[in-house]
Amino acid sequence: MLVQGIKSRPVYTGFAIDENAQRHLFALEGEGARALLDQVKKVGKEFLAVSEILHVGEAHGKELAALGADILWSAPTTPVLLNRLRQNLINARMGTRLYLSGTEGFIGQAMKVALEQGIDFGSIVTEHRGSEARRVQCVHCKGITDNVTTQPFTCSHCGLTLLVRDHYSRRLAAFQGVCIDAEEPGSAPPPEVRFP
Amino acid sequence: MTINTEMPVHVAAITKVADSVKRFRLERVDGGVMPVFSGGAHVVVAMQDGKLLRHNPYSLMSRPGDTSAFEISVLRVESSRGGSHFLHDKISVGDTLTVSQPINLFPFDHRGRKHLFFAGGIGITPFIAMMAQMAQEGRNFELHYAMRTRSHGAYWQELAERYGPSRVKIYCDVENLFIPVDEILARQPLGTHMYVCGPAGMIDAVLGKGKALGWPRQNLHFERFLAPPTGKPFEAVLQRSGKTITVGEHQSMLEAIEAAGVDAPYLCRGGACGQCETNIVSCTGELLHNDIYLEPADKASGKKIMICVSRLKGETITLDI
């Protein structure tokens with residue numbers, strides 16, 4: 001049902017520490033903490049002295065604290081983390097490298113904040129960790145729903161049955177959901193968990 | 001096949017702006033309006049120098065929205081193949097030249113929060129148009145302009161007056177003033193883009209410092225026009241056209257192909273844009289890749305060549321053209 005090969009579908013190439021960066025800024029959600037912990041295992045702790053970690057999520061808080069990074073800050077919720085990230089980027093200088101890890105919805109929203117500060121998406125280092133749930137915009141009512149796991153899914157705003165496409169908007173940080181049974185309402189197949 | 005629609009122009013004014021630098025104002029022969037362009041664009045000027053047809057790229061330095069004329073500034077290069085000598089010594093007001101449509105291989109990134117320009121000598125020209133456009137659009141920019149002596153540098157007084165001393169910084173070799181690239185790069189807000197145009201050594205040095213200070217490659221921009229290097233003559237077989245030509249000592253393959261009446265694709269004629277990428281059928285000798293477009297693997301494969309600046313050191317090359 002998903003059309004393959006849609007170019008806008010984001011690709012997450014995985015963390016690799018930029019040796020030339022003067023400062024490293026990490027925004028990590030949930031299992032995204034493991035992307036950083038794995039890098040420390042791989043390349044050592046040296047870069048942590050010039051690293052700032054913004055973290056949200058129940059798990060892995062203690063492991064992150066044990067790293068002894070220059071700054072570690074835990075946010076109560078994702079929107080609070082994004083506010084701090086925005087302020088951080090406004091004040092940051094060139095030579096700061098941004099790393100994002102967590103679910104696609106989190107990476108997308110954090111990247112949206114970075115794009116608004118004039119940062120090129122190609123220069124942001126990303127690694128997908130945790131759930132495959134998607135953040136979806138209903139193209140009909142424009143409502144956005146977080147953590148969509150099924151295909152099709154019922155729009156939480158207008159109630160239409162939507163096909164979740166690979167078609168992605170960096171500006172909205174959301175995949176696009178299109179009505180699947182417009183010609184014959186009620187003919188949509190039952191939802192299946194496709195983004196666990 | 002060229003994708004350019006060339007326009008005959010006459011030289012409306014020639015102004016000496018610095019030691020060895022002249023500005024040429026070019027208006028359309030048919031009285032029509034010039035196309036608008038974006039800051040950083042260049043045109044290829046075609047010059048009939050005796051029997052030789054020269055094509056040289058020059059950055060446009062008039063205001064991007066000004067459709068009354070194009071203006072270019074030309075440095076008389078002592079060691080040049082002759083294009084700048086021809087414009088300086090043989091062209092006078094009223095003469096006719098041909099220019100291509102504007103081409104921009106050095107555009108600025110509209111998403112940037114700030115734009116930092118590093119100019120060396122005549123490398124100032126693309127930035128003059130960029131700054132005019134940015135000033136109008138209310139963008140944040142800063143120019144660092146290096147020159148040998150103040151009398152060698154073109155336009156620095158005008159630029160300093162127009163944009164003020166906080167946005168225009170001048171550095172002069174003879175006064176022992178050099179651009180403190182490291183310090184400048186270290187204090188820029190995140191989202192800054194950097195652009196460099198000037199001598200090859202300066203471009204490499206500035207880009208190298210950017211990389212070493214953790215600037216992402218997406219934020220580093222440069223323009224480098226390469227004049228086709230000279231070399232020993234060799235033979236080129238144009239397989240599809242069924243012609244065999246000799247590429248002379250002071251000629252590029254592209255120029256020799258054009259002289260033989262074969263229409264080959266090109267845009268920048270400086271090894272940067274990739275338009276003239278040509279497949280090699282076979283060759284005897286060593287390929288001298290002078291472009292900055294092909295990937296190292298492509299160069300090593302021996303299957304591709306940029307005919308505007310690269311040559312053969314050997315006898316014969318057969319091209320799929």
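Axes here are lines fitted to C-alpha atoms, for helices over the stretch in contact, and angles run from 0 to 180 degrees between N-to-C directions. This is a predicted model: local features need pLDDT of at least 70, side-chain atom pairs count only at pLDDT 80 or more, and totals for chains, interfaces and linings use all residues. Residues are numbered from 1 along each chain as its sequence is written, with chains lettered from A and ligands numbered from 1 in the order in which they are written.

Chain A holds 4 helices and 12 strands. Helices (H or I, at least four residues) and strands (E, at least two) are DSSP runs, numbered from the N terminus. The C-alpha trace of chain A spans about 60 × 30 × 30 Å along its principal axes. Buried residues (20 or more other C-beta atoms within 10 Å of their own, C-beta atoms being placed from the backbone) make up 39% of the 196 residues.

| Helix | Residues | Contact residues |
|---|---|---|
| α3(A) | 78–91 | A:Thr78, A:Leu82, A:Leu85, A:Arg86, A:Leu89 |
| α4(A) | 104–116 | A:Phe106, A:Gln109, A:Ala110, A:Val113, A:Ala114 |

Contact means C-beta atoms, placed from the backbone, within 7 Å. The contact residues of α3(A) and α4(A) divide into 7 nonpolar, 2 polar and 1 charged. Ala, Val, Leu, Ile, Met, Phe, Trp, Tyr, Cys and Pro count as nonpolar, Asp, Glu, Lys and Arg as charged, and the others, Gly among them, as polar.

The axes of α3 and α4 of chain A come within 9 Å and cross at roughly 30 degrees. That makes α3(A) roughly parallel to α4(A), a label for angles under 35 degrees.

Terms used. A residue is buried if 20 or more other C-beta atoms lie within 10 Å of its own, exposed if 12 or fewer, and partly exposed in between; C-beta atoms are placed from the backbone. Angles under 35 degrees count as roughly parallel, over 145 as roughly antiparallel, 65 to 115 as roughly perpendicular and the rest as oblique. Two residues are in contact if their C-beta atoms, placed from the backbone, lie within 7 Å.
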